[in-house]
Amino acid sequence: MTLLSDIISASANLHHSNHLPSDEYDRRIRDLVEYFRRLQKTEALDSFANDESFLDPLLGATLVKDAMLRLDPSCAVFTSSHLLLVRLCLQARAYSCALPVLNKQICHFPISRGRPSSDSSVLCADNGLGVSFMTEASGVSSKLSYRDYLQYFLYGGMVYMALKEWRNALHFLGIVISTPGTSSVSLIMVEAYKKWVLVGLLENGRLCPPPSITTPHVVKVYQSLARPYISLAHAFERGDLKRLNAEIDAAKKIWCADNNLGLVSQVVGAFFGQTVIKLGKTFAALTMADLSKQVFPSPVCAELTGSAVSSLVMSSALNATLVETKDHAEASMLRFSSIHSLPHLSRELDLQSQLKQEMRLMETLVIHLGETNNNLGLSDEYVDSLHKGQVWSGSSEINPIVAGEAGLEMDEDLMGDMS
């Protein structure tokens, strides 16, 4: 354990260096990082490599998450650590551990500055927004690719699926399937679309169309490569339980090969709930006996139906009241409620909460939009346009956003440096 003691001792030295100037503290941090990098190239770590008790996966995910939030609390700059974190959390099944980062809005990618900025290059200094110091030269992220970007949102969607946060999962999957590409769709995008179909059934009870920005030819490719999923969704939408089970049995090997068998099983469980919710739009009330006949083509145990309905009502997935009778379970009555009959105060509180969340999101976006404008003003392309006289003469201030209108031409798309 001598090596482990040396590592702990080297790391502990930084805990007593908070009084040092930023540049000296930064130098010590970099020396420590270089020390760890040298250790990776030695055989001294081999004894720990296969020792699961030395570093739990869960512990690794926690360390990465804490380091990311300490370096940049906003987590607004996409780095390789984002992808590392969601991978660790999926492997350790520590899904909630990823939420403090997943719930943050990504607004930037690490940039390369054409000119030195006025911000300090010392990471431990007070730099404000992370985009000001998280550059390609800072070393806080390994080189990113287009694939890394897609994988992060796919894995993030899988984390939300595990937590049954279907709406957030749809948001992340929607980013993947609508991402523009220079060629045909990638396997990652096809995988995301297959999960998109299933999660859409779980959240909305229907086959959700891809985001509107998805090009038509890409949608056709998705539908061509995910035909079993589309057929499953159509059976679900029609309320045909017999057909739904037939589609599931026919493509069981596909669900397993795609690692989507768990989602498909949940779709079967959601079929009953979605069907009952749809009945609420037609009927004001139904007995348990009538409800079973409406939902299932074959006789079903009344107690089982009552238990499933109770779960829907208690989880607020169904706006209804279950009136039970002790004498005869099938005589129990389910009375559907309109959304307008819900308590006024409850609706107001929900709306107020949503508005506050949207306001916080807009404030975050405005802050990062201003930082993006500043970065565009420092870019090589914009500086070149100034030298070529491609801006309006006599202007004391130039808005970087209008640089394109002033003659600035981009040879590559916004993602070109990640491909």
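What share of the contacts in the chain with a separation of 6 or more is accounted for by residues 24 or more positions apart? Such residues account for 67% of these contacts, a contact being heavy atoms within 4.5 Å. The structure is a predicted model, in which local features need pLDDT of at least 70 and side-chain atom pairs count only at pLDDT 80 or more, while totals for chains, interfaces and linings use all residues. Residues are numbered from 1 along each chain as its sequence is written, and side-chain values use heavy atoms, with hydrogens and water left out.

The chain comprises 18 helices and three strands, taken as DSSP runs numbered from the N terminus (helices H or I, at least four residues; strands E, at least two). Of its 419 residues, 36% count as buried, that is, under 20% relative accessible area with a 1.4 Å probe and protein chains only.

The largest nonpolar core holds 66 residues, of which L102, Y152, V176, Y193, W196, Y222 and L244 touch the most other members. A nonpolar core is here a set of buried Ala, Val, Leu, Ile, Met, Phe, Trp, Tyr and Cys residues joined through side-chain atoms within 4.5 Å. Helix α9 gives the most to this core, with 11 residues. Beyond its neighbours within four places in sequence, W196 contacts L170, L173, G174, I177, C208, P209, P210 and P211. Another core, of 14 residues, lies apart from the largest one and includes V295, V309, L312 and A320.

T179 is located in the loop between α8 (166-177) and α9 (187-204). The residue is buried, with a relative accessible area of 8%. Its side chain reaches the backbone oxygen of I175 at 2.4 Å. When residues up to four places away in sequence are not counted, T179 touches Y146, Y149, L150 and M189.

The three strands form an open antiparallel sheet in the order β1-β3-β2, where two strands pair if DSSP finds at least two bridges between them. Strands β1 (285-287) and β2 (320-323) are the edges, each pairing on one side only. On average, neighbouring strands of the sheet are turned by 15° against each other, direction ignored. Three bridges join β1 to β3 (residues 333-336); T287 has M333 in β3 as its bridge partner. Helix α15 (residues 288-295) packs on the sheet and touches β1, β2 and β3, its direction making about 95° with that of β1. Axes are lines fitted to C-alpha atoms, for helices over the stretch in contact, and angles run from 0 to 180 degrees between N-to-C directions.

Definitions and conventions:
Buried < 20%, exposed > 50% of the residue type's maximum accessible area, 1.4 Å probe, protein only. Polar contact = N/O pair within 3.5 Å; in protein donor to acceptor, adjacent residues only side chain to side chain.
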